[in-house]
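Subject: Handover of a structure

Dear colleague,

Please find below the structure that I am handing over to you.

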Amino acid sequence: MLQRIAQKIASALKKAAPDQDEESLCYGIQSFISDFSSVMALLIFSIVYGNILETLVFLICFMFLRRYTGGYHADSHLRCFLTTVLCYLGNVAAATLLSGISLTALGIISGALALGSLALVVRYAPHIHKNHPLTVRECKLYGHISRMVTVGLLALAAVLLLCSQKKLALYVLMSVVTTASTLILAVILDKRARPSKKGGEA
């Protein structure tokens with residue numbers, strides 16, 4: 001259904017702009033509708049859980065950082081939607097659990113998560129997706145921006161934690177952890193796919 005809607009919109013846009021590639025337009029429209037649906041679903045959940053501000057902070061941080069790091073992409077828009085919702089619900093559960101522990105314990109756990117996430121971003125970002133190829137120069141730029149943004153978000157989380165804004169700090173931290181998790185997942189899946197691809201060619 002999503003593909004049919006996107007195809008109709010792409011066909012209409014193609015008539016208005018003949019120099020545009022219809023397939024690329026269709027993919028972009030599908031991605032936009034899928035992303036919009038995911039964001040709206042998370043905002044609805046945030047109203048239910050009463051954490052609208054925290055959710056907005058999480059979305060802004062996650063989407064901005066992931067733009068430069070790249071990461072796991074589901075092979076269908078439905079899977080993408082479900083993965084996004086499940087990740088968000090997992091973050092809500094983690095934030096609720098961690099916000100109830102002592103500040104010292106929270107600092108230790110947060111520090112470990114922060115260092116682990118930073119190490120993954122430094123090592124693997126950016127992850128290049130086939131639908132979003134990058135030049136060598138862009139790869140270097142994206143890698144540099146990824147590291148800077150990650151450090152900035154982790155510093156923001158630390159400041160919020162010191163200011164006793166536990167929940168906000170945790171949602172900022174979890175945006176980085178989630179990004180790093182999707183990044184390493186993409187790397188693992190790529191490595192698993194390579195041997196089977198070579199075997200198929202042989």
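The model is a predicted one, in which local features need pLDDT of at least 70 and side-chain atom pairs count only at pLDDT 80 or more, while totals for chains, interfaces and linings use all residues. Residues are numbered from 1 along each chain as its sequence is written, and side-chain values use heavy atoms, with hydrogens and water left out.

Overall architecture

The protein has 7 helices and 0 strands; helices (H or I, at least four residues) and strands (E, at least two) are DSSP runs, numbered from the N terminus. Its C-alpha trace spans about 60 × 45 × 30 Å along the principal axes. Of the 202 residues, 35% count as buried, where buried means under 20% relative accessible area, exposed over 50% and partly exposed in between, with a 1.4 Å probe and protein chains only. Contact means heavy atoms within 4.5 Å. Among contacts with a separation of 6 or more, 70% are between residues 24 or more positions apart. The protein exposes about 12200 Å², and carbon and sulfur atoms supply 67% of that area; the areas come from the Shrake-Rupley method with a 1.4 Å probe, and for residues only the protein chains shown count as cover.

The largest pocket

A pocket is an open set of points on a 1 Å grid over the protein atoms alone, where a 1.4 Å probe fits, with protein on both sides within 12 Å along at least five of seven lines; lining residues have an atom within 4 Å of a point. The largest pocket holds about 1600 Å³ of space, a volume being the space filled by probe spheres set on the points, which are joined across faces, edges and corners. Its lining consists of 44 residues, and Arg66, Tyr72, His73, Ala74 and Cys80 lie nearest its centre. Helices H2 (22-49), H3 (52-69), H4 (77-98) and H7 (166-201) each supply at least two lining residues, and H2 gives the largest share, 9 residues. By type, the lining divides into 18 nonpolar, 19 polar and 7 charged residues. Here Ala, Val, Leu, Ile, Met, Phe, Trp, Tyr, Cys and Pro count as nonpolar, Asp, Glu, Lys and Arg as charged, and the others, Gly among them, as polar.

Helix H6 (residues 136-162) has 27 residues and should span 39 Å at 1.5 Å a residue, which agrees with the 39 Å between its end C-alpha atoms; the expected span is 1.5 Å times one less than the number of residues. Buried residues of H6 include Tyr142, Gly143, Ser146 and Leu161. Thr150, also in H6, is buried at a relative accessible area of 0%. Beyond its neighbours within four places in sequence, Thr150 is in contact with Leu65, Leu118, Val121 and Val176.

In the loop between helix H5 (103-124) and H6 lies Pro126, joined to Ala125 by a cis peptide bond with omega about 0°. In the loop between H6 and H7 lies Ser164, whose phi is positive, near 65°. Most residues other than glycine have a negative phi, and most peptide bonds are trans. Ser164 is exposed, with a relative accessible area of 61%.
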